[in-house]
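Here is a short walk through one protein model. Please keep the sequence and the 3D view side by side while reading.

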Amino acid sequence: MSKTIRELTEDLLVAPSACAEVKETAQNYLDAIGSENEAAAAKTFVAELEEDIMPIDGLIAFAESDMGAKVFGEEGAKNILIHAKEIKSNGAKYCDCPACAACEALLEKKDEILK
């Protein structure tokens, strides 16, 4: 059974890898459901999801960079790079961290969010 938009949005809110901006727009969207502000909040939320999801090639490039090593540590960046290349070879288009996985699932329901 697939998760609802609300459940996926709540997953995003608790994802440690989610940035503050996407969490803010997610909460604003949930708060606006059923109100006159829902359509505007939905547009802002979808735009933020599209901006924040990390394409797999971007993750690979980041993990290979000096900044990736600073953020994840050398060993962590190496492990992320190996994982990213593996999931890309299996067809992944995006990072599969909790935040990106929630973004991807929500973007699959974009038409429902923007209804």
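What follows goes from the overall layout to the core, then to one glutamate, the salt bridges and a surface patch.

This is a predicted model, in which local features need pLDDT of at least 70, side-chain atom pairs count only at pLDDT 80 or more, and totals for chains, interfaces and linings use all residues. Residues are numbered from 1 along each chain as its sequence is written, and side-chain values use heavy atoms, with hydrogens and water left out.

Start with the layout. The protein has eight helices and zero strands. Helices here are DSSP runs of H or I with at least four residues, strands are runs of E with at least two, and both are numbered from the N terminus. Along the sequence the pattern reads α-α-α-α-α-α-α-α. The C-alpha trace spans about 50 × 25 × 20 Å along its principal axes.

Now consider contacts and cover. A contact means heavy atoms within 4.5 Å. Take the contacts between residues at least 6 apart in sequence: 62% of them join residues at least 24 apart. The protein exposes about 7,000 Å², and carbon and sulfur atoms supply 53% of that area. Accessible areas come from the Shrake-Rupley method with a 1.4 Å probe; for residues, only the protein chains shown count as cover. Of the 115 residues, 36% count as buried. Buried means under 20% relative accessible area, exposed means over 50%, and partly exposed lies in between (1.4 Å probe, protein chains only).

Next, look inside. A nonpolar core is a set of buried Ala, Val, Leu, Ile, Met, Phe, Trp, Tyr and Cys residues joined through side-chain atoms within 4.5 Å. The largest such core has 32 residues, and Leu-12, Tyr-29, Phe-45, Leu-49, Leu-106 and Ile-113 touch the most other members. Helices α1 (5-14), α2 (20-32), α3 (38-52), α4 (56-64), α6 (74-89) and α7 (98-107) each supply at least two residues of this core. The largest share, seven residues, comes from α7.

Leaving out residues up to four places away in sequence, Tyr-29 touches Ile-5, Thr-9, Glu-38, Ala-41, Ala-42, Phe-45 and Ile-113.

Is Glu-38 buried or exposed? Glu-38 counts as buried because its relative accessible area is 15%. Glu-38 is found in helix α3. A polar atom of its side chain lies 2.9 Å from the backbone nitrogen of Gly-34. Beyond its neighbours within four places in sequence, Glu-38 is in contact with Tyr-29, Ala-32, Ile-33 and Lys-115.

Turn to the charged pairs. A salt bridge is a side-chain nitrogen of Lys or Arg within 4 Å of a carboxyl oxygen of Asp or Glu. By this rule there are five salt bridges. One of them joins Glu-50 and Lys-110, at 2.6 Å from N to O. This pair links distant parts of the chain, 60 residues apart: Glu-50 is in helix α3 and Lys-110 in helix α8 (residues 110-113). Glu-50 is partly exposed at 40% relative accessibility, and Lys-110 is partly exposed at 29%.

Asp-57 forms a salt bridge with Lys-88, with the closest N and O atoms 2.5 Å apart. Here helix α4 holds Asp-57 and helix α6 holds Lys-88, 31 residues apart. Lys-85 and Glu-64 also meet in a salt bridge, at 3.7 Å from N to O. Lys-85 is in helix α6 and Glu-64 in helix α4, 21 residues apart.

Finish on the surface. Met-67, Val-71 and Phe-72 form a nonpolar patch there, with about 270 Å² of accessible area together. Patches are made of residues with over 30% relative accessible area and no salt bridge; like charges are joined within 9 Å, and nonpolar side chains (Val, Leu, Ile, Met, Phe, Trp, Tyr) within 5 Å. Val-71 sits in helix α5 (residues 66-72).

Definitions and conventions: A polar contact is a pair of N or O atoms within 3.5 Å; within protein, one must be able to donate a hydrogen and the other to accept it, and residues adjacent in sequence count only if both atoms are side-chain atoms.
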